[in-house]
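Please look over the sequence and the model before reading on.

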Amino acid sequence: MRFAWIGAVHLHIYAYSLHNQRKLQEKWLVSTYTPDQSLVHKAEALNSHWQPQLELLLARGRTAGADLVEVYLEQIDHLSVLAEQDTITSVTPSFGRGAGIRVFLGKQDGFVSTNDLSDAGLKHALEQALSMLGLEVNEAGRSSFNGLPNLRDFAIDKAHWLNQCPELYEASDRLLNGTQLLDQYGTHLQVRRGSYARDWQEVLVAASDGTFGRDIRLHQSIGLNVLATDGEHRSSIGRRYGTSGRPDDLRKWDAETSAKEVCESAGTMLYADYVDAGQMPAVLANRFGGVIFHEACGHLLETTQIERGTTPFSDKLNQSIAHEAVTAIDEGITDGAFGSLSMDDEGMESQRTVLIKNGVLKQFISDRAGELRTGHQRTGSGRRQSHTFAAASRMRNTYIAAGQHSPEQLIASIDRGLYCKSMGGGSVGPTGQFNFAVEEGYLIEKGKLGKPVKGATLIGEAKDVMPRISMCAKDLELAAGFCGSISGNIFVTVGQPHIKVDSITVGGR
Amino acid sequence: MMSEIKAANAIELDTHSLRDKLSQLASRESIHQWDLGAACSTDSSVQIDRGEAKQMKGAQRSSITVRVWNNKGLVGITSTSDLSEKGIEKALIGARQASDFGNADDVPAFSTLAKSPLPKLERPLRPAQGIQRMLEVLKEAEADLLSRHPAIQSIPYNGLGEATYERVYLNSDGALRQMKRSQASLYLFARAEESGRKPRSGGAIRLALGSHDLDIDGCIDEAAERTISHLDYQPIDTGCYLVCFTPEAFLDLIGAFSSMFNARAVLDGVSLSQRETIGKNIAVPFFSLHDNGLHPAHVGASSFDGEGTPTQKLCLINGGRLESFLHSEATARAFGVTPTGHAGLGAKVSVGPDWFEVSNTEGQSSANTHLQHSRSKETFVLIEGLNALHAGVKASQGSFSLPFNGWLVIKGERVSIEAATVAGDIRTLLNSIVNMEAEQVITPGGVSPHVWVEGLSITGEA
């Protein structure tokens, strides 16, 4: 199962335009880690020792005439492990460092990234960014930049996170336990896979407006996937679970429950018929069901979409854009959630942002450039995959709030429709058309769940579907995923309680 | 005075230094077998918004992947962007530690072809124009596209970029591969809206060896034509239709199911094919498919893969019959064939296609050559582009259910489809092809004619 909610068409365009180059680079550019955790801390830490060098860079940029200069330093350490059947078949460690330097002049910006963190390398990158805006370093000039304040260090209690993570031996054992449980609980399983990924990242952000922050992030995810086959019948089912800031995550993972859930779904879907196409009401389950809000509305509330003129909601602040049953939130503060972060990638502390209150649009998701270009106040949502991307306004933990109903009441209210128990990926395009795949679906007949169906893709227009979310249940839950868009692939959660959509187009056969 | 990121500024890999450093470190660590893949790139790009520069980007990237065989013959890797001696040392030691977890049942080896002669590729390096010139070009292109129709109000997604990059493969057995390329890209995606109607969009992409060589006018024309052609739209009734895929759409679809031809996927049990599928008919007799990473129109062509194996043109399907799989060194050994030049680099080596060529089988044709997208009088759906392939394709099951852009064509009249999905099974589809037009069209992702398929399920949005 893929948990990639690829948002907005620009990622596809960018990826496609560099298709051939990327294909070549992907053969080499794997990510990062070293299996001996202790090695990581032998690297130079990104901390206040960098202050003099950063101040020099910021002063140079301001002297050259830049309105604002921002330096983002990053150190990463990554490990991924794959188990197939009863064998560890791939261990992929990688590590690296880099910097992204962004210079603003008016509403324009120039951005340069580099792997070279030497004085000369950073100076060269700054000069390149300045030159993009027609600016030159003026060694004799005087800067209005008064230096950085004391470091806001969000990483003080996180220094040992990496060493507290499971050793490779332990991670491998947990994965193999998972694939063995799949064998125990599944039938007709042709392929059993378990995968683990651990992303550690240390960042230091400094800007000429006095921003100076440091953080350490730790994301871990574990997934189980199966391919079940019986003659011509096939079903592939997967689940992935992810947390942030919890080194013990893998140790606490309930492999048995996960394996049972995957095997039950695979068994059910193995003989499922393809769904009949049509327009019908639908109930979307909690957790991954939240992909509908992520694609149909969340992306369209990012200020990058306002800048491009690609959201129908740009002039709808304090107006109704959804059914009054809908209250939606984007936040970065839920403990352990995949999209949580202490500070964003522009050094701003994370916060809780109410996007929609009882159907009325209350706020947009904004970053530094978004505030500059659209006037919407920053929300601590400037995010990027790595130093190679400029930050952009992006979602964090995004969900529809709990309502008053039980899931059964939602289903009982439908005479004929579709129950979407598990969702796949989705996307939204520049005109607001969204889509997402249903991995596991059931017909609803006369208020009750009927036979399982597969092959459904739900499509619609954002501004049409939001008023049709007419009922929300009480059972809000979040689910981890990855979102790809203008500033790369980032960790997010989607979420919602069970919701009812009065009418939606179900693509099928 | 603007300084510019020119190709001349591109960082370069010092191959001999890399080899010397790694040899010394490996010798010190008693590592007798190793190989290395390295890459670096320098690129710059611009985006604009209504005549003004919006964002300009530049990047220098470098990375290496080190792979070692330990004293038990097991393999481990580590990658890093730190090309300093310290970084390389750390990567080498990390790879050896990872090799403790190497899979004894599937140990990669050096490609037997890693020192064979490479095919000649004519891909001269082109000079970069620089940020300021790219900005001017893109501003002109935006203005031109905006002027094509009053409904075209913005070009929300646009970009012009140029890059130089270098790749190296070397191993402890003396293999050394190296290549340098330049590449440029332009994309223009317009958004159009008429009063009382839904917004519509369309776009185009061009690739070239350098930004001087980009077909900018062609990109503008295509983006305008596509956008304007979708302004007058209608919903489509749900049902079964005769469908014609544009070359771009068909290549996207076949690419999404490339695990059918992938030996790694076959060995892993996640392909629709098995070992014994070779030699069997999986498509109509007039359908043929090659993977040709050497095609002259393939801008990003490389003469070797991640294991140093030479790139080649490989016949996958001939006359509807499956002829070959794509291979790495390890999968080729498992199948008793030679590597085909489609490998990555890893402890478990990935395999992937380069550049597909879809064609009519020589000497074969369908009984429906009258089906031509530009003049047929039949009722059919012309699919211009498929969306959300990452979500709507179940490669291991063979099924797809995908949103698309396209037109309903009735008696030669095209009407844009408001919103719809197309669904089916790839195996059924390959046997339901009723015609492949004669003209081969070069796209950024491969070569294909328009492909006609009967009986596909289309769901329209009410």
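How many residues of chain B are in contact with chain A? The count is 89 residues of chain B, in contact with 90 residues of chain A; two residues are in contact if their C-beta atoms, placed from the backbone, lie within 7 Å.

## Basis of the description

This is a predicted model, in which local features need pLDDT of at least 70 and side-chain atom pairs count only at pLDDT 80 or more, while totals for chains, interfaces and linings use all residues. Residues are numbered from 1 along each chain as its sequence is written, and chains are lettered from A and ligands numbered from 1 in the order in which they are written.

Helices (H or I, at least four residues) and strands (E, at least two) are DSSP runs, numbered from the N terminus.

## Where the chains meet

On the side of chain B that touches chain A, strand β2 (residues 52-69) of chain B gives the most, with 12 residues. That side of chain B has 33 nonpolar, 41 polar and 15 charged residues. Here Ala, Val, Leu, Ile, Met, Phe, Trp, Tyr, Cys and Pro count as nonpolar, Asp, Glu, Lys and Arg as charged, and the others, Gly among them, as polar.

Strand β2(B) also pairs with strand β4 (residues 108-114) of chain A, in the parallel sense over 6 bridges; two strands pair if DSSP finds at least two bridges between them. In this pairing B:Ala59 is the bridge partner of A:Ser113.

## The sheet in chain B

An open sheet of 6 strands in chain B has the order β11-β10-β9-β12-β20-β19, with mixed pairing. β11 (321-322) and β19 (441-443) of chain B stand at the edges with a single partner strand each, so one side of each has no neighbour in the sheet.

Strand β9 (residues 287-292) of chain B pairs with β10 (residues 313-318) of chain B in the antiparallel sense over 4 bridges, and B:Leu289 stands opposite B:Ile317 there. β9(B) pairs with β12(B) as well, again antiparallel, over 5 bridges; B:Glu357 in β12(B) is the bridge partner of B:His290. β12(B) and β20(B) run parallel and are joined by 2 bridges, and B:Val447 in β20(B) is the bridge partner of B:Glu357.

## A helix across the sheet

Helix α5 (residues 247-256) of chain B lies across β12 (356-360), β19 and β20 (446-448) of chain B, at about 115° to β12(B). Axes are lines fitted to C-alpha atoms, for helices over the stretch in contact, and angles run from 0 to 180 degrees between N-to-C directions.

Of the 10 residues of α5(B), 8 are buried, so the helix is largely enclosed by the rest of the structure. Among them are B:Phe250, B:Leu251 and B:Asp252. A residue is buried if 20 or more other C-beta atoms lie within 10 Å of its own, exposed if 12 or fewer, and partly exposed in between.

## Two features of chain A

Helix α4 (residues 51-63) and helix α5 (residues 119-132) of chain A pack at an angle of about 25°, with axes 10 Å apart. They are therefore roughly parallel, the word for angles under 35 degrees. The residues of this contact divide into 4 nonpolar, 2 polar and 2 charged.

A:His160 is in the loop between β5 (152-153) and α6 (161-164) of chain A. With 12 C-beta neighbours inside 10 Å, A:His160 counts as exposed.

Definitions and conventions: Angles under 35 degrees count as roughly parallel, over 145 as roughly antiparallel, 65 to 115 as roughly perpendicular and the rest as oblique.
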